[in-house]
There are 2 protein chains.
Amino acid sequence: MGWKSSLAIKFHLGFWFYLVGGGAVYYYIEDPLYHLPPQPKTMTINATFCQHLVNLVENYIRNIVNVPLEPNDSTVRKKVTRDSCNDLTNSGKSEENGNHDVAWEFSSALFLCMTILTTIGYGCFSPNSSWGKVFCIFYGLIGIPICGILLANTSDYFSNGFLRLYKQRQSKQQRDKWHGIFIAAIIFLLPGLVVFFFIPAATFTYLEDWSYLDATYFSFVTLTTIGFGDIIAAQETNYPQLWLYRIGWIVWVMLGIAYWVTIISFITKALRSKRLRERWEKTSHAIS
Amino acid sequence: MGWKSSLAIKFHLGFWFYLVGGGAVYYYIEDPLYHLPPQPKTMTINATFCQHLVNLVENYIRNIVNVPLEPNDSTVRKKVTRDSCNDLTNSGKSEENGNHDVAWEFSSALFLCMTILTTIGYGCFSPNSSWGKVFCIFYGLIGIPICGILLANTSDYFSNGFLRLYKQRQSKQQRDKWHGIFIAAIIFLLPGLVVFFFIPAATFTYLEDWSYLDATYFSFVTLTTIGFGDIIAAQETNYPQLWLYRIGWIVWVMLGIAYWVTIISFITKALRSKRLRERWEKTSHAIS
Ligand SMILES: [K+]
Ligand SMILES: [K+]
């Protein structure tokens, strides 16, 4: 084994240690109660909401129990508004404490670190404590470049595979350069799209019970590192072997983003290529 | 003006047209009612929450109106649970329709497009309709590389400024290469940090009433394109001249990310540099 490949292996190992180490730090410094599992439906509570609640309470009192309230008892009204607001907030909290449905496992901390290093940043987990925020800055400052180098290396590996494929074809066939590149690009891109995009999307459709559009959209938003966080995989706390699902997600993300970087560099080269630029120039001259 | 710089200007103009065009598409295809302004406090509604609500209603009926309910009237209980759930959800909705507090302006659509193109993806705005999701995929597929080229060009511009500064210093002073680069890096990095990081963070502290740590954390999370979305600037719908604030955010993001890319490439070069690698090798040999 050469010095260079041995270094590459050390670099890869170093990255995984960095990831697990960051996960360990976050696992201990973050308050588990802040990181709650997602709920099927969210509502906002504010003053007007509470007013509605009070109206509701009054209606039930009137309609079900058939006892009218004094119409203008504003003090009682205010008190009820404030108390119901507090009670609801507290009941929500104690409930969450009660049923042990806290989502802050070690795999969640790993998930958080991975969303920092790849800059996906879904936001389902994000540092809440002050120290967590400070740590995020220093962790990312070193980790994001490391992750970037790793992704670039993997992407180079994919690109080299593509070039080898292209050269094999070129030696066999006629020497129409652009035609050859186009064919090779399709031959190379299609299996990659299937492996890193369509099969994962199908898997998410099955595992998460999403529509195929949602699963495709989620895959795209993840691999481009946009990470809106409107739909996120591997979040159901009652999922059997959630940690395995999350490790699968980590591996998919590393390979998939590298593949996306390969595609991006192809698109960038195409956009920057002299031939396309000249064509574009001609068109814009013809228009103006 | 040379051919190359004229092309660069066209490229920049093209990017802004692409951004505004995408904003126009999203502005029309998305349902404004889905994109609601952020609320100070969010709560989750589910079955157990509704159970709490019913208990609350019962307590108020008992304690305030002093009328006991039949203890085991489970049918009424169930009906109340279901109805209060529906009523609350509906009341929330009609409320949102009623007070015109919808956050979906044109500047919001621009904001959304910018979070796609830079891959920040806060998630405060994300496509909700099916067509919006499909459009996101095609819009990002072309737009993210374009934005990447633009950022790389701006970053090159910053890097060249740094190199010019470094060469000026080098010609004047002694030829200790690493010492010179280190000094130049600090001279270059400090003003950039102040302009793209500390001043924006101070501005956010002032405009958004955040702690300075939160503002710094937000700046870091934005410029690295992590974009957790736990705290987001320019979201208060009652802010005077919100659109101006958001345009300021767009300009800051474009320049700030380019600066971050410059720093990243320095860190990457340092991590990859032969000298550092050799040192690291020596250390790891000494340890093992
Ligand atoms: K992101
Ligand atoms: K994000």
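**Figure 1. Contacts of Thr262(B) in the predicted model.** Thr262(B) touches Ser155(B), Phe158(B), Ser159(B) and Phe188(B), leaving out residues up to four places away in sequence. The model shown here and in the other views is a prediction. Thr262(B) sits in helix 8 of chain B, which covers residues 242–272. Its relative accessibility is 0%, so Thr262(B) counts as buried.

**Figure 2. The potassium ion (ligand 1) and its protein donors.** From chain A come Thr119(A) (O), Ile120(A) (O), Thr225(A) (O) and Ile226(A) (O). From chain B come Thr119(B) (O), Ile120(B) (O), Thr225(B) (O) and Ile226(B) (O). These donors lie 2.7 to 2.8 Å from the ion. Thr225(B) and Ile226(B) are both buried.

Figure 3. Chain A coordinates the potassium ion (ligand 2) through Ile120(A) (O), Gly121(A) (O), Ile226(A) (O) and Gly227(A) (O). Ile120(A) lies in the loop between helix 4 (106–117) and helix 5 (130–172) of chain A, and Ile120(B) in the loop between helix 4 (106–117) and helix 5 (130–172) of chain B, so the pair joins two chains. Ile120(A) and Ile120(B) are buried.

**Figure 4. Salt bridge between Lys133(A) and Asp214(B).** The structure holds two salt bridges over all chains. In the one between Lys133(A) and Asp214(B), the closest N and O atoms are 2.7 Å apart. Lys133(A) belongs to helix 5 of chain A and Asp214(B) to helix 7 (residues 212–223) of chain B, so the pair joins two chains. Lys133(A) is buried, at a relative accessible area of 9%. Asp214(B) has 17% relative accessibility; buried means under 20%, so Asp214(B) counts as buried too.

**Figure 5. Salt bridge between Lys133(B) and Asp214(A).** Here the closest N and O atoms are 2.7 Å apart. Lys133(B) lies in helix 5 of chain B, and Asp214(A) in helix 7 (residues 212–223) of chain A, so this pair joins two chains. Lys133(B) and Asp214(A) are buried.

**Figure 6. Phe218(B) in the largest nonpolar core.** This core has 114 residues. Phe218(A), Trp249(A), Phe218(B) and Trp249(B) have the most contacts inside it. Neighbours within four places in sequence aside, Phe218(B) is in contact with Tyr122(B), Phe204(B), Trp210(B), Ile231(B), Ile232(B), Ala233(B), Trp249(B) and Trp252(B).

**Figure 7. A nonpolar surface patch on chain A.** The patch is formed by Val20(A), Val25(A), Tyr27(A), Tyr28(A), Ile29(A), Phe106(A) and Trp131(A). Together they have about 710 Å² of accessible area. Helix 1 (residues 3–29) of chain A gives the most to the patch, with five residues. Ile29(A) is in helix 1 of chain A. At 34% relative accessibility, Ile29(A) counts as partly exposed. Chain A as a whole exposes about 15300 Å², with 64% supplied by carbon and sulfur atoms.

Conventions: Residues numbered from 1 in each chain as written. Chains lettered and ligands numbered in written order. Predicted model: local features only at pLDDT ≥ 70, side-chain atom pairs only at ≥ 80, totals over all residues. Heavy atoms only, no water. Helix = DSSP H or I, 4+ residues; strand = E, 2+ residues; numbered from the N terminus. Buried < 20%, exposed > 50% of the residue type's maximum accessible area, 1.4 Å probe, protein only. Contact = heavy atoms within 4.5 Å. Patch = residues over 30% accessible without salt bridge, like charges linked within 9 Å, V, L, I, M, F, W, Y side chains within 5 Å. Areas by Shrake-Rupley, 256 points an atom, 1.4 Å probe, with all protein chains shown as cover. Salt bridge = Lys/Arg side-chain N within 4 Å of Asp/Glu carboxyl O. Donors = N, O, S within 2.8 Å, 3.2 Å for Na, K, Ca; no water. Core = buried A, V, L, I, M, F, W, Y, C linked by side-chain atoms within 4.5 Å.
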